[in-house]
Amino acid sequence: MSYPPPLQAVVDELGRFPGVGPKSAQRIAFWLMRQPHEDVSRLALSLEDMKSKLSFCERCCNIAETGGLCPICADDRRDQTTICVVENPPDVLAVERSGAFHGTYHVLHGVLNPLEGITPDRLRIQELILRLRGPVKEVILCFNSNVEGDATAMYLSRLLQVPGLVVSQPASGLPVGGDLEFADDLTLGRAIDGRRILAD
Amino acid sequence: MGLHELTLRNFRLFSEFTFTPDHGAITVFFSPNGTGKTSVLEAVFALATGSSFRTSAAGDLIKTSEQVAEIHGVLFQQTRRIQVDLVLTKGVRNTTKKMLVNGQRPKSRALLSEVLPLTVFTPEGVDIVRRGPEPRRMFLTNLLTDVNPNTADRIEKFDQVLVQRNAFLRSLQGDTPRTTQQKELDVWDEEFCEAATHIIEIRLQLLEKLRPLVTNYYHAISESSLDVGVLYERSWQGQLRDALRDALHHDMFRGFSTVGPQRDDILLTLSGRDARRQASQGEQRSLALALRLAGHELVRHERGLDPLLLLDDVFSELDPQRSERLLQLLPVGQTLVTTASPLPSSMNPSAIIDLSEALL
Ligand SMILES: [Zn+2]
């Protein structure tokens with residue numbers, strides 16, 4: 001037996017979400033079915049609103065208003081010669097909270113992970129390399145200290161061997177296997193201050 | 001340190017079963033029809049390691065026609081009370097395991113080794129001498145974390161790198177890596193070599209300490225003075241980095257890494273003879289016992305505590321002399337015993353639990 005097509009369409013769409021299997025997709029679809037119409041309309045509108053208003057920053061690939069720069073890239077008080085490369089948008093907030101960094105960011109939207117099929121071409125690496133044509137003096141590779149984060153840092157440090165460019169990594173002190181997002185501000189700040197150079 | 005209470009729910013043949021073993025004493029499990037005894041020890045083992053010593057399929061641990069099995073343990077570490085819960089749930093494709101220590105997901109295996117180091121003797125224990133390398137590697141890995149729980153991080157790191165490198169090899173689908181892929185492979189190879197170096201280093205250090213103990217125990221159990229060899233055998237020659245490169249073509253087709261610590265072995269010898277192929281059954285049994293006893297003693301020596309001892313139907317496989325000698329060599333500590341044959345005369349259990357009612 002199959003569901004009425006409009007319901008099946010929702011199940012299929014939800015089933016494409018990361019970490020959502022067919023069972024969960026069905027459960028969420030039935031739940032949505034039971035909600036008041038205006039609640040579901042609000043959800044649909046908010047999704048539409050997000051996609052039409054927001055996109056990725058043309059420079060750093062962080063979330064930004066469509067067709068423009070994110071607030072950090074647009075801020076000319078930020079040091080444009082230093083780029084802190086992170087895995088995901090929440091990591092930008094974590095480094096910002098530490099208060100130890102005054103340059104700009106680059107968001108890769110992932111790290112190398114063969115098991116999940118994440119290869120270098122799925123990451124925003126080309127965009128990072130294009131930025132090196134500008135006045136960049138240092139790139140800080142700030143990933144979670146786990147196997148995938150370490151591999152990505154090693155991969156980039158080799159790729160970024162450009163004359164005059166310093167590539168560095170935060171000093172050890174980040175919790176092993178811990179998420180950057182949850183690292184405490186002081187520890188993260190100190191790790192960035194005491195970063196060590198991988199290549200220059 | 002000790003197991004204070006264990007509860008099983010829908011585990012193997014048990015619907016619901018709770019027992020409270022005595023601290024620092026011997027508890028014997030007995031069931032007339034011979035079923036279910038081992039399950040109790042298996043549950044303790046699962047609680048300590050997250051896996052079974054009998055089968056690799058976690059689904060087999062769940063009672064037939066049930067969906068969820070639970071094991072709850074209460075442990076004491078000095079005055080600290082530790083609750084460990086393991087819940088196994090049958091899924092569509094596979095069984096999921098959820099482990100909680102004091103209500104929280106443990107960050108690594110280290111925590112379990114810290115609170116519940118184990119020494120297990122089973123009739124299959126002789127496999128460590130007789131069979132392929134897997135039981136010997138598993139013995140080493142479990143012993144490493146029991147002796148020093150801090151090593152669990154390095155072991156886990158190596159396992160994760162291995163999984164990623166293997167996934168990368170499979171992604172090549174048998175084609176020679178293109179330039180960009182080669183750069184990625186170089187990174188995984190380097191991570192692999194670094195993690196492997198750490199693993200081999202701690203394994204060699206462990207064997208260095210284990211070797212004299214194995215020799216002493218072997219001599220005591222077998223009442224002989226044969227020369228006992230415990231040698232680490234690498235699965236490659238020369239530099240690991242070069243070996244990985246040489247094996248690449250082969251590994252690409254197989255989809256996994258064929259050289260590295262995950263394929264290494266321990267060569268056990270008696271007077272220079274390979275104990276796996278050229279020793280008598282009695283010699284093999286004595287050597288298997290000596291290895292476990294040596295591991296037990298090493299944990300005691302390094303950590304100043306007694307690992308929980310699980311003796312599963314061990315005496316039926318040993319002649320009376322070896323049984324008595326094993327008992328004399330075992331240090332006193334908390335011990336759980338199952339037996340189908342009469343217990344050796346010198347064993348003094350503090351409790352004998354009849355499982356026939358629990359299994360109705
Ligand atoms: Zn930006």
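**Figure 1. B:F19 and B:F29 form an edge-to-face pair in chain B of this predicted model.** B:F19 has a relative accessibility of 4%, so this residue counts as buried. The cut-off for buried is under 20%. Over all chains, the model holds 6 aromatic pairs. In the pair shown here, the ring centres of B:F19 and B:F29 are 4.9 Å apart. Their planes meet at 80°, so the pair is edge-to-face; that label needs an angle over 60 degrees. B:F19 belongs to strand β2 (residues 14–19) of chain B, and B:F29 to strand β3 (residues 26–30) of chain B. The pair therefore ties together parts that are 10 residues apart in sequence. B:F29 is also buried, because its relative accessibility is 0%.

**Figure 2. B:F158 and B:F192 form a tilted aromatic pair.** The rings lie 5.3 Å apart, centre to centre, with 55° between the planes. B:F158 sits in helix α5 (residues 152–171) of chain B. B:F192 sits in helix α6 (residues 179–222) of chain B. The pair links distant parts of the chain, 34 residues apart. B:F158 counts as buried, at 4% relative accessibility. B:F192 is buried with a relative accessible area of 0%. A charged residue is part of this view too: B:R165 lies over the face of B:F192, 5.6 Å from the ring centre.

**Figure 3. Ring pairs join four phenylalanines of chain B into a cluster.** The members are B:F14, B:F17, B:F19 and B:F29. B:F19 and B:F29 are the edge-to-face pair of Figure 1.

**Figure 4. In chain A, an arginine sits over an aromatic ring.** The charged end of A:R124 lies over the ring of A:F56. The distance to the ring centre is 5.1 Å.

**Figure 5. Chain B holds an open sheet of 5 strands with parallel pairing.** The strand order is β7-β11-β12-β3-β13. Strands β7 (118–121) and β13 (351–354) of chain B form the edges, and each pairs on one side only. From one strand to the next, the twist averages 15°. Helix α9 (residues 281–303) of chain B packs on the sheet. This helix touches β7 and β11 (308–312) of chain B, and its direction makes about 165° with that of β7(B).

**Figure 6. Strands β3(B) and β13(B) pair in the parallel sense.** The pairing runs over 4 bridges. B:F30 has B:D354, in β13(B), as its bridge partner.

**Figure 7. Helix α5 (residues 89–98) of chain A has several buried residues.** Buried positions are A:P89, A:D91, A:V92, A:A94, A:V95 and A:S98. Just after α5(A) comes A:G99, with a positive phi of about 70°.

**Figure 8. Chain A and chain B bury about 1,400 Å² between them.** Carbon and sulfur atoms give 65% of that area. Chain A brings 16 residues to the contact, and chain B brings 17 residues. A:P114, A:V147 and A:M154 supply 39% of the area that chain A buries against chain B.

**Figure 9. B:G272 lies in a loop of chain B.** The loop runs between β9 (265–270) and β10 (273–274) of chain B. B:G272 counts as exposed because its relative accessibility is 64%, and the cut-off for exposed is over 50%. B:G272 and B:Q205 are 67 residues apart in sequence. In space, their C-alpha atoms are 22 Å apart.

Notes
Residues numbered from 1 in each chain as written. Chains lettered and ligands numbered in written order. Predicted model: local features only at pLDDT ≥ 70, side-chain atom pairs only at ≥ 80, totals over all residues. Heavy atoms only, no water. Phe/Tyr/Trp six-rings, centres within 6.5 Å; stacked < 30°, edge-to-face > 60°. Helix = DSSP H or I, 4+ residues; strand = E, 2+ residues; numbered from the N terminus. Buried < 20%, exposed > 50% of the residue type's maximum accessible area, 1.4 Å probe, protein only. Lys NZ or Arg CZ within 6 Å of the ring centre and 35° of its normal. Pairing = 2+ DSSP bridges. Axes fitted to C-alpha atoms, helices over the stretch in contact; angles between N-to-C directions. Contact = heavy atoms within 4.5 Å. Buried area = accessible area lost by both parts, 1.4 Å probe.
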